[in-house]
Amino acid sequence: MNGNLKLAIQKKGRLTDKSVELLKLCGLDFENYSERLFVTARNFPLDILFLRDDDIPEYVQDGVADVGIVGENVIYEKQTDTPVLEKLGFGRCSLLIAHPEGKELKTLSDINGKTIATTYPVILNDFLVKNNINAKVIELSGSVEIAPSLGVANLICDIVSTGNTLMLNKLKKSFKVFDSQAVLISAKDVSGNKKKNEILDSLLKRIRSVLNARRSKYLMMNIPKEALPRISEIIPSLKSPTVLPLADENSLAVHAVIPADRFWEIVDDLKSAGASGILLLPIENMIL
Ligand code: ATP
Ligand code: ZN
């Protein structure tokens, strides 16, 4: 018991690299993780525990770890009492119902009376109840996509991203059941421990500033002097843009922080307003 905050992340899987990347962007310096059960950050009072993702909600709920990074799908399925502190914007995926080719489902009610194989029985049952559907759920521990061809189930409900696995098994996507992304969860009683609570606050501030920076880009361009009012109208800036004089007296340099997803919407307007030398740069950190 060293008083450090204990954070659980997935040991080896789809969330591992992005979780480690996020922590490194938060300025945390820690050793290569591959062979260890846990590591202690060199420059922050944090122990990082490497666990199977399915175990993370319960370990956090029981206080083995104080906080954890895990998919919303896993917390929902485990029904743990572990509040979400922040959505992290990676590990996005959807839980979908899929059917064998040639056995199309036109409406949700076509699912009535069918048998559905899944590794997510809790999420699926909730969905069926909410939609008033009477279907039989069969829980499997993996490889649900082969269930229809084995005759074990009519349909499957699984996480699908590319659809390649579905295609190989002659299955097609139909209805979406659940959207998920990675989130930071905490134990309910972390707030009871003053020191850990302070460490968590400071970690959360860093995480939020990294997420803010990801959502924003730094836009730079040169414009004719007279275009400034029009350009200022086009830029969806946090504050007013920075305007700098150039050696050429008729031109100005304009810099602004913009939401990353707006760039392609405004770039043509900027050009037709006379902007040239348009540069868009990533922002590593943004303290609001
Ligand atoms: P573990 O060995 O830790 O139990 P796993 O095989 O259960 O790993 P992964 O396939 O690594 O889990 O997925 C971990 C999480 O990543 C999922 O629970 C989900 O939240 C998320 N995820 C994002 N995209 C996908 C995808 N295309 N397929 C599966 N999971 C995805
Ligand atoms: Zn797992």
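Author: Contact here means heavy atoms within 4.5 Å. The model is predicted.

Reader: How many residues of domain 1 are in contact with domain 2?

Author: On the domain 1 side there are 6, and they meet 11 residues of domain 2. Domain 1 covers 5-90 + 182-213, while domain 2 covers 93-180. Their centres, taken over C-alpha atoms, lie 31 Å apart.

Reader: How is the size of an interface given?

Author: Often as the accessible area lost when the parts come together. Between domain 1 and domain 2 about 790 Å² is buried, with 53% of it on carbon and sulfur atoms. In domain 1, the residues losing the most area to domain 2 are Asn73, Tyr76 and Glu77, which together make up 77% of what that side buries.

Reader: What polar contacts and salt bridges does the rule find between domain 1 and domain 2?

Author: For salt bridges across this interface, the count is 0. Polar contact joins 6 residue pairs between the two domains, both residues being at pLDDT 80 or more. Helix H3 (residues 72-78) supplies 4 residues, the largest share of the side of domain 1 that touches domain 2. By type, that side has 1 nonpolar, 3 polar and 2 charged residues.

Reader: Turning to another residue, is His255 buried or exposed?

Author: The cut-off for buried is under 20% relative accessible area. His255 has 15%, so His255 is buried. This residue sits in strand S14 (residues 251-259).

Reader: Which side chain is in polar contact with that of His255?

Author: That of Tyr218, at 3.1 Å. Leaving aside residues up to four places away in sequence, His255 touches Tyr218, Leu219, Met220, Pro241, Thr242 and Leu244.

How values were computed:
Residues are numbered from 1 along each chain as its sequence is written. Chains are lettered from A and ligands numbered from 1 in the order in which they are written. This is a predicted model: local features need pLDDT of at least 70, side-chain atom pairs count only at pLDDT 80 or more; totals for chains, interfaces and linings use all residues. Side-chain values use heavy atoms; hydrogens and water are left out. Domain bounds come from an automatic or database domain assignment. Buried area is the accessible area (1.4 Å probe) that two parts lose on being put together, summed over both. A salt bridge is a side-chain nitrogen of Lys or Arg within 4 Å of a carboxyl oxygen of Asp or Glu. A polar contact is a pair of N or O atoms within 3.5 Å; within protein, one must be able to donate a hydrogen and the other to accept it, and residues adjacent in sequence count only if both atoms are side-chain atoms. Helices (H or I, at least four residues) and strands (E, at least two) are DSSP runs, numbered from the N terminus. Ala, Val, Leu, Ile, Met, Phe, Trp, Tyr, Cys and Pro count as nonpolar, Asp, Glu, Lys and Arg as charged, and the others, Gly among them, as polar. Buried means under 20% relative accessible area, exposed over 50%, partly exposed in between (1.4 Å probe, protein chains only).
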